[in-house]
Amino acid sequence: MSGYARRVGIVLWKDLLVERRTKESLNALLFFGLLLLFLFQFSLGPDRAQVESVLPGLLWLGFVLAGLLGLGRSFLAERDNDCWEGLLLTPGDKSAIYLGKLVANVCVMGAVELVILVLFGLFFDVDLARALPGLAVVLPLGTLGLAAVGTLFAAVTAQVRARELLFPVLLLPAQVPVLLATVSATQVALAGQPLADASAWLQLLAGADLVYLVIGLLTFEFVLDA
Amino acid sequence: MPRRPLVRVLGWLALLALLVGLGMAFGYAPREAVQGNVQRIMYVHVPAVLTAYLAFVLVLVGSIGYLASARPGWDRLAASAAELGVLFTGITIASGSIWGKPTWGTWWTWDARLTSTAILFLVYVGYLLLRAMVDEPERRARFAAVVGIVGAANIPIVHFSVKWWRALHQPSTILGPEPSPIAAPIALALLANWVAFTLLFAYFLARRVEIAQLEEAALQGAVRAR
C-alpha cells in the first residue's frame, strides 16, 4: 500500500511541478475566469436584483467552463516524448496514476476556483465571509465530482480525434447532478443559511463523488492501455 | 454468414405483436374519460421508455462484459443496444411532447422526468459520438465501455438530483409501489404494446448485431486483401 501511495504522490508531484514551471493552465484559466465574470455581467445587464438570484448558477457555470478547459488538457502533455509509454511501464496498479492525476487536477482547479470566487465576490458585491463555511464544504465536493469524471474522460479523449469537441459533449451531461447539487448548496451558503438546509444535496454530491471515483479507479487501466 | 431463421421468426412475431398492440390500443381499450383520445399516445410512450431502459441496461452489461473478457461480441451488443436506446428515448420524448401539448398546454416543460430522460438521451448520444470518432475497433470498444459504465452508473444519480430539483410529472403508475389504479382493459392494452415493443427491440438488436459482425468481417477482409 505504501508503494501505491508513493506512486500516487510521484504523479501528483510531477504534474504540479510541470504546472508550476510552465504555468500553462493556471494563468490562462485565471484570465478565462475573469473574462467569464465580465461576460456574465454584460449578458445579464446592470440590474442588481436580477443578477442576485442567478449568482450561484453563474459561479458554478464559471467553474464548469474553466474545468472543461483545464481538465481536458490533463493528459495532453503525456502524448509528447513517449510519456504515455512511460506511464504504461509504471509498475503496479495503474489506478495510482489516475489518483495522482485526479489530486493534481483538484489542486489546480481548486486554486482557480478560489481566485474566481474572490473576483466574483468583488465584482458582484457578494458577502463571502458569511458564505465561507458553507463554501468550504461545497467547493471541494463539487470540484472532486467534476474532476473525477473529467480526469477519466480526459484520458479517453486525449487519444481521440475531435478531442476538444468530444470532451465537453461527454462530460457535461454526466455532470448535471453535480451542477444541480452544488448550485443548490451554494444558494444556501450564499444566503447565509446553515449548511444543514442543504444536507440532502450534499449527501447526494458525496455519493456521486464516491461512485465516480470508484468507477475511475476501476476502469482507468483499460483507458490507459488502449 | 449463415442466415438465421430464428431472427426472421422474431421479426414476424414483432410485427404481429405490434399489429395486435395497435388494435388493442384503438379498438379494445376504452376512451379515457378526462384526456380523451390523446391518452392513447401512452400505448407508445410507456413501452418506448421501458424499452429504452432495457437497452441502456444492456449497454452496461455489454460494457462490463467487454472490459472483463475483451470479446468483441460484448462490444457489438453494447453498441447496438446504445443506438436502439437512443432511438427509443427519442420516441419517448417525441411522443411525450405530442401528448404534453394538449394535456399540459406545452410541448416541453422542465419537469423532473422529462429532464432526466432528456439528459439520458444526451449521455448516450455522446456515447455514439465517441464511437464515431475512434476508428481502431479495440480502442473504440474500450473507450465506449468506460463511457457506457459511467453513463449507466449516473442514471440513478441523475434521476434523484433532477427529481429533487423539480417535480410535476404524475408519479409512475406501473412501476410504483402501490397497486396499479389503471382500469384492466387499459392495462392489458399497455401490456400488449409493451410486449410488442420488447419483441421489436429484440429483433432490431439481433439485426444490428448481425450488421456489426458483417461490418467487422468486411473490414478484416479488406485489410487482408491489401
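Trainee: How many residues of chain B are in contact with chain A?
Mentor: On the chain B side, 25 residues are in contact with 24 residues of chain A. Keep in mind that this is a predicted model.

Trainee: Which elements of chain B give two or more residues to that side?
Mentor: Helix H4 (112-133) and helix H5 (137-165) of chain B. H5(B) gives the largest share, 16 residues.

Trainee: And what is that side of chain B like by class?
Mentor: It has 20 nonpolar, three polar and two charged residues.

Trainee: Switching to chain A. What is its secondary structure?
Mentor: Nine helices and zero strands. From the N terminus on, the order reads α-α-α-α-α-α-α-α-α.

Trainee: What about chain B, how many helices and strands there?
Mentor: Six helices, zero strands.

Trainee: How confident is the prediction for chain A, in mean pLDDT?
Mentor: The mean pLDDT is 89, and 100% of the residues in chain A reach 70 or more.

Trainee: Which elements of chain A have the lowest and the highest mean pLDDT?
Mentor: Helix H4 (residues 83-89) of chain A has the lowest, at 87. Helix H5 (residues 95-123) of chain A has the highest, at 93.

Trainee: What radius of gyration does chain A have, and what would a compact globule have?
Mentor: Chain A has 18 Å. A compact globule of 226 residues would be near 17 Å, so the two agree. The C-alpha atoms of chain A fill a box of roughly 55 × 35 × 30 Å along the principal axes.

Trainee: And what does the C-alpha trace of chain B span?
Mentor: About 65 × 45 × 30 Å along its principal axes.

Trainee: How much of the contact in chain A joins residues 24 or more positions apart?
Mentor: Such pairs account for 84% of the contacts in chain A with a separation of 6 or more. For chain B, 79% of the contacts between residues at least 6 apart join residues at least 24 apart.

Trainee: Back to where the chains meet. Which elements do the buried residues of H7(A) pack against?
Mentor: In chain A, they pack against helix H3 (48-72), helix H6 (128-157) and helix H8 (176-190). They also pack against H4 and H5 of chain B.

Trainee: Which residues of H7(A) are the buried ones?
Mentor: A:Leu166, A:Phe167, A:Leu170, A:Leu171, A:Pro173 and A:Ala174.

Trainee: What should the helix H7 of chain A span, and what does it span?
Mentor: Its twelve residues, 163-174, should span 16 Å at 1.5 Å a residue. The end C-alpha atoms are 17 Å apart, which agrees.

Trainee: How many residues are in the largest nonpolar core?
Mentor: It has 125. Among those with the most contacts inside it are A:Val223, B:Ala55 and B:Val147. H6(A) gives the largest share of this core, 15 residues.

Trainee: What is B:Val147 in contact with, leaving aside its neighbours in sequence?
Mentor: Beyond four places in sequence, B:Val147 is in contact with A:Val156, A:Leu170, B:Tyr127 and B:Leu130. A:Leu170 is one of the buried residues of H7(A).

Trainee: Some single residues now. Why is A:Glu113 classed as buried?
Mentor: Because A:Glu113 has 26 other C-beta atoms within 10 Å, and 20 or more makes a residue buried. A:Glu113 is in helix H5 of chain A. Leaving aside neighbours within four places, its contacts are A:Phe63, A:Leu139 and A:Thr143. A:Leu139 is 26 residues away in sequence, yet 8.3 Å away, C-alpha to C-alpha.

Trainee: Last one. Where is A:Leu29 found?
Mentor: In helix H2 (residues 24-44) of chain A. A:Leu29 is buried, with 23 other C-beta atoms within 10 Å. Its contacts beyond four places in sequence are A:Ala66, A:Leu69, A:Gly70 and A:Val112.

How values were computed:
Residues are numbered from 1 along each chain as its sequence is written. Chains are lettered from A and ligands numbered from 1 in the order in which they are written. This is a predicted model: local features need pLDDT of at least 70, side-chain atom pairs count only at pLDDT 80 or more; totals for chains, interfaces and linings use all residues. Two residues are in contact if their C-beta atoms, placed from the backbone, lie within 7 Å. Helices (H or I, at least four residues) and strands (E, at least two) are DSSP runs, numbered from the N terminus. Ala, Val, Leu, Ile, Met, Phe, Trp, Tyr, Cys and Pro count as nonpolar, Asp, Glu, Lys and Arg as charged, and the others, Gly among them, as polar. The expected span of a helix is 1.5 Å times one less than its number of residues. A residue is buried if 20 or more other C-beta atoms lie within 10 Å of its own, exposed if 12 or fewer, and partly exposed in between; C-beta atoms are placed from the backbone. The radius of gyration is taken over C-alpha atoms; the globule rule is 2.2 Å times the number of residues to the power 0.38. A nonpolar core is a set of buried Ala, Val, Leu, Ile, Met, Phe, Trp, Tyr and Cys residues joined through C-beta atoms within 7 Å. pLDDT is the predictor's confidence in each residue, from 0 to 100.
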